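Reader: I'd like to go through a model with you, taking helix packing and then charged pairs. Can we start once it is on screen?

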Amino acid sequence: MKTVMILSGAGLSAESGLRTFRDSNGLWEEYDLMEVCSASGFAKNPKKVLEFYNERRMQLKDVKPNHAHKVISELKSEFKEQIFIITQNVDDLLERANCKDVIHLHGFLPELRCEACESVFNIGYERQKDRICPKCKKPFLRHNIVMFEEAAPQYATLYNLLNKTKLFVCIGTSGAVLPVGHFARMCEKSILNNLEYDEQLSIFFDKTYTKKASEAIDEIATDIRTFLKD
Ligand code: APR
């Protein structure tokens, strides 16, 4: 069976108004990554980290899916078993574009997780009020986000699906965390879409669209439909 993986990063949600991390004016220009997005930073100053994620969670109520989220959702409903939707993003914009079975590699902003009993709670776009888990009553409730220095359990699923992927489509990620060039080489065909041309990344891909995701996505959808229907 021909299969496609659509792997996305912060660039997919940029046009919805959510900041990326490493572009100019990105989050890591304003915040110290290791202070607000690492296990050691969380241990050192939990209040600052919880506030960082509260801000980002509450911002979700002010943004909405863009054209690229919607087209990805349409492709997923058209080719259910043949398309894997994987994202590094922690926003819910694909879900709000009605996309099913989205795999979030780095967690999900609307959720809290208890580090004692592993329960997960969806609090929507609310600020986290306290750290007591409603289930086990222990004080270890936190954002359900994979921070640096923490395990990313969904990476096992990513590699498992990559081994079954024939066409790898990579949208809006710098490759700073995931070796997406290596993933492209693991698959028969590959397409990259980013805003800036990065020679170091593009050399691994058969085709590169250097434009906004909402402008590239219709051409990418045609490439995917042609590939799956051939
Ligand atoms: N359309 C397409 N691509 C875009 C757009 C856009 N409108 N705007 C920006 N981009 C691209 C940039 O060219 C860049 O390659 O999105 C990419 C954003 O890169 P990063 O900011 O590094 O975001 P990402 O790759 O998702 O970061 C990976 O790092 O900080 C951690 O856990 C965090 O999941 C995140 C991971």
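Reader: Is the crossing of α6 and α11 left-handed or right-handed?

Author: Here's the general idea: a crossing is left-handed if the near helix is turned anticlockwise from the far one by less than a right angle, and right-handed if clockwise. The crossing of α6 and α11 is right-handed. Before we go on, this is a predicted model, where local features need pLDDT of at least 70, side-chain atom pairs count only at pLDDT 80 or more, and totals for chains, interfaces and linings use all residues. Residues are numbered from 1 along each chain as its sequence is written, and side-chain values use heavy atoms, with hydrogens and water left out.

Reader: At what angle do α6 and α11 pack?

Author: Helices here are DSSP runs (H or I, at least four residues; strands are E, at least two), numbered from the N terminus. Axes are lines fitted to C-alpha atoms, for helices over the stretch in contact, and angles run from 0 to 180 degrees between N-to-C directions. Helix α6, residues 67-78, packs against helix α11, residues 213-229, at about 15 degrees, with axes 8 Å apart. The two are therefore roughly parallel (under 35 degrees; over 145 is roughly antiparallel, 65 to 115 roughly perpendicular, the rest oblique).

Reader: Which residues of α6 and α11 make the contact?

Author: Contact means heavy atoms within 4.5 Å. From α6 you'll find V71, I72 and L75 among them, and from α11 the residues include I217, A221 and I224.

Reader: Now the charged pairs. How many salt bridges are there?

Author: Side chains of opposite charge can pair when their charged atoms come close. The rule is a side-chain nitrogen of Lys or Arg within 4 Å of a carboxyl oxygen of Asp or Glu, and the count comes to 12.

Reader: Which residues are linked in a network with R127?

Author: E51 and E55 join R127 in a network of salt bridges. E51 meets R127 at 2.7 Å, N to O, and E51 in helix α5 (residues 46-59) is 76 residues from R127, in the loop between β5 (120-122) and β6 (141-145). For E55 and R127, the closest N and O atoms are 3.8 Å apart. E55 also lies in α5, so this pair ties together parts 72 residues apart in sequence.

Reader: Is R142 buried or exposed?

Author: Buried means under 20% relative accessible area, exposed over 50%, partly exposed in between (1.4 Å probe, protein chains only). R142 is buried, at 0%. Its salt-bridge partner E115, at 3.2 Å N to O, is partly exposed at 37%.
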